[in-house]
Amino acid sequence: MSTPIEELSPRSKALETAAPSIERCKEHLSKNLPKMIIVEHTQLGYRVNKGPSELVQPDTKEKAEPFPFCGSSIWSDMDTFGLGISLYFRQLLFFVVVSLTAAIILIAATSHNADVCRHSGTGKNEKNKGLVIGSAAGCFPKDLRVGDNVVPDLLVCLCILIVTLLANRLEALVETRIDLSQQTPSDYSVQVLNPPEYVDNPDSYYEFFSDFFQNGQNREDVVAVTMSKDNGALIQLLAQRRAYMQDLIDFDARDARIRAESSSSEHEIIHDDAQPLSGFLQFLQPYLYPYGLLKTRAYAQAEKDRIEGDLRVKISLAIEDWKAPRRVVVTFATEASQHRALDAYETSGARRIISNWTGYEFDNNPRQLEGGTVLHVEKPVEPSEIFWHNSHVKFFEKCIRIFITLAITAGMLVFVFFVS
């Protein structure tokens, strides 16, 4: 018996009353395909639209055309989607070209192996068949030749070596080209590498850089100041606390469901997890709990209480810990202002040290921020290139993680070598 449509939820009611429509699907696809928006002041002359809400040209109100599927400007079109997507497809093309080059070099070796290599699995001395055809399976050393086997292998190794040495350089050139083809906030900004811990107010940086340009007469040069703080550990604790609170809610909902489904008062709850585990299971529980194994109410409650205690300590140490700025980015109105700030402060740290030691003041030695700190700045990276979830990890901890990863990888390679 079907449910009356009046009792359905709004979403289910819509699914019941709206029949599938090919025309609506085509319309939805057309609206969500990326469109070209004409922008005259950019190097490419266009950009990608901001979604279904931007389907016409802002100036002429004409319908925006979708990007061509394939054409002479395909790589320029790809650049408008951002550095990550453009680099990804360029790298795919690069690997395809390298693989095809290696395959062409190995044609001679493959052809020779297909003619001389035999197998005796069926008792007959027949040529290789199936996936092993063209391989060296069944070959003897006397069957292999220097010109047909050794030289192609050496050429492929040489090709891979050259590609490995040039890969980083080629990627850097492509990144520069993509960056020049589109305007982003980083083209107008500088990043402060040594923000003082005691200066936690963005207005201080605004006033400082505003006074730097024309003695404060042209404050429009400074558009915005963005300050990020090292609160990664705090956010992790809050996320863990929320996860354990959700587990406790799930435990309560499960018990309520079991009681509601019971047909008599003699029914006992099967999941008796109010008591902590013991022995070896208690040792494994911290490692398996995040994967949904060995979940108990007692462990979730204990971890929630522990995390709330850590949070109270973390918040009480706000000034000494997560309240200090980690990144400070100053955005200017023009690229000329950005270049001027870079020229003045990129090497100011070394100049200030020399001035303090020798007493000699350079003509263009910049003044200090409040408290005597000379800022050292550089052009910032794109925000999309920063993995914010790991940005709070300390440098020493990163080195330890890299060392452990390399040690495990080396151990696995040594193990495979001796086993094989």
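Among contacts in the protein chain (heavy atoms within 4.5 Å) between residues at least 6 apart in sequence, 62% join residues at least 24 apart. The model is predicted, so local features require pLDDT of at least 70 and side-chain atom pairs count only at pLDDT 80 or more, whereas totals for chains, interfaces and linings use all residues. Residues are numbered from 1 along each chain as its sequence is written, and side-chain values use heavy atoms, with hydrogens and water left out.

The protein chain contains 13 helices and 8 strands, where helices (H or I, at least four residues) and strands (E, at least two) are DSSP runs numbered from the N terminus. Of its 420 residues, 28% are buried; buried denotes under 20% relative accessible area, exposed over 50%, and partly exposed in between, with a 1.4 Å probe and protein chains only.

An open sheet of 4 strands is found in the order E6-E7-E5-E8, with antiparallel pairing; two strands pair if DSSP finds at least two bridges between them. Strands E6 and E8 are at the edges and have a single partner strand each, so one side of each lacks a neighbour in the sheet. Helix H7 packs on the sheet and touches E5, E6 and E7, and its direction makes about 145° with that of E6. For such angles, axes are lines fitted to C-alpha atoms, for helices over the stretch in contact, and angles run from 0 to 180 degrees between N-to-C directions.

Strand E5 (residues 189-192) is covered on both faces: Ser189 and Gln191 on one side are buried, as are Val190 and Val192 on the other. E5 is joined to strand E7 (residues 325-332) by 4 bridges, and the two run antiparallel. Val192 has Val328 as its bridge partner in E7. Strand E8 (residues 377-378) is joined to E5 by 2 bridges, also in an antiparallel arrangement. The bridge partner of Gln191 in E8 is Glu378.

Thr331 also belongs to E7 and is buried, with a relative accessible area of 18%. The side chains of Thr331 and Ser189 are joined by a polar contact of 2.9 Å. A polar contact is a pair of N or O atoms within 3.5 Å; within protein, one must be able to donate a hydrogen and the other to accept it, and residues adjacent in sequence count only if both atoms are side-chain atoms. With neighbours within four places in sequence left aside, Thr331 is in contact with Tyr188, Ser189, Asp221, Val222, Val223 and Ala224.

The largest nonpolar core comprises 19 residues, and those with the most contacts inside it are Tyr205, Phe209, Val330, Tyr345 and Leu375. Two or more residues are given to this core by each of E5, helix H7 (202-212), strand E6 (222-229), E7 and helix H11 (335-345). Another core, of 10 residues, lies apart from it and includes Leu248, Tyr289, Ala300 and Leu311. A nonpolar core is a set of buried Ala, Val, Leu, Ile, Met, Phe, Trp, Tyr and Cys residues joined through side-chain atoms within 4.5 Å.

Lys304 is located in helix H10 and is buried at 15% relative accessibility. Beyond its neighbours within four places in sequence, Lys304 is in contact with Tyr244, Met245 and Leu248. Leu294 lies in the loop between helix H9 (280-288) and helix H10 (297-316). Its phi is near 55°, a positive value in a residue other than glycine, and Leu294 is partly exposed at 26% relative accessibility. Most residues other than glycine have a negative phi.

A positive phi, of about 65°, is also found at Lys61, which is not a glycine. Lys61 is in the loop between strand E2 (46-48) and helix H3 (74-79) and is exposed, with a relative accessible area of 59%. Ala64 lies in the loop between E2 and H3 but is buried, at 1% relative accessibility. Ala64 and Pro34 are 30 residues apart in sequence, with a C-alpha to C-alpha distance of 9.4 Å. Neighbours within four places in sequence aside, Ala64 is in contact with Lys35, Met36, Ile37, Leu55, Val56 and Gln57.
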